[in-house]
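Have a go at each task before you read its solution.

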Amino acid sequence: MDIRSGGDVEFNGIAGGRDVSVGDNVRIGRWHETNVTNVTVLKRAHRWALAHPVAACAVAVCVVSAGSWAGVSLGSGDGSGVDLSVVNEEGLPGAGHTVEQTRNAERLGDAASWCHLVAPGDQACESTMGSVFAEKAASYRQRVDEIGLGEPEKTATGAQVMLSWKGEGQGTVRLVRTGGRWQVDPNDYALLKLCRAGIFLSLVDARSQELRCGMFQIPTT
């Protein structure tokens, strides 16, 4: 894309990353390599923008649009509000936080985050859980907050967290620490995958009498 006015300003290929020239004596290599500390460039660009507001707006739209697109792309894996860093926390707090964030992922229907927390080694997990979450309305998934979490406890293989409903225990989430991070016990995950169920949503399903074959049973009264 070229923008020309009065023979003294030329922007060549902003979107494509080619060379950019401002005035007769200033040259900026590639757009993403612009030296923003160059006072002369800034002054010339500022004067040009004031003299040619329409063209300046067009350039600004291009830049902002590109930045917004990049933000969406870069934020698609963890921009949902799920904190994926908790799996790296050591000790029982890390196990507890991993379970908390798993519940968060189920509430949001975020399959990518759920799989990162629960079963990072399963390449098919995201596709499977994506369809599971898609079957549930947002209002239905929000009911995972009805499920209480107990304090994490140490076990021979890692840790476990008790789940409860109205103070009544419903079973435990077992976690193992492997490769310097927490994840759900592979045996428990295998059952969840077989049943096409989330950890917390399986309890909500049982509460709604929609349980397929999930891990837990929750009172229906």
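Helices (H or I, at least four residues) and strands (E, at least two) are DSSP runs, numbered from the N terminus. This is a predicted model: local features need pLDDT of at least 70, side-chain atom pairs count only at pLDDT 80 or more, and totals for chains, interfaces and linings use all residues. Residues are numbered from 1 along each chain as its sequence is written, and side-chain values use heavy atoms, with hydrogens and water left out.

**Exercise 1.** Find the helix that holds Asp188, and say whether Asp188 is buried or exposed.

Solution. Start with the helix: Asp188 sits in H7, residues 186–195. Next, the cut-offs: buried means under 20% relative accessible area, exposed over 50%, partly exposed in between (1.4 Å probe, protein chains only). Asp188 has a relative accessible area of 11%, so it counts as buried. Finally, look along the chain: Val118 is 70 residues away from Asp188, yet their C-alpha atoms are 9.8 Å apart.

**Exercise 2.** Work out how strands S8 and S9 are arranged.

Solution. Two strands pair if DSSP finds at least two bridges between them. S8 (residues 168–178) and S9 have four, and they run antiparallel. One spot to check is Leu175, which lies opposite Val184 of S9.

**Exercise 3.** Which faces of strand S9 are covered?

Solution. In a regular strand, side chains alternate between the two faces of the sheet. For S9 (residues 181–184), Arg181 and Gln183 lie on one side, with Trp182 and Val184 on the other. All four are buried, so both faces are covered.
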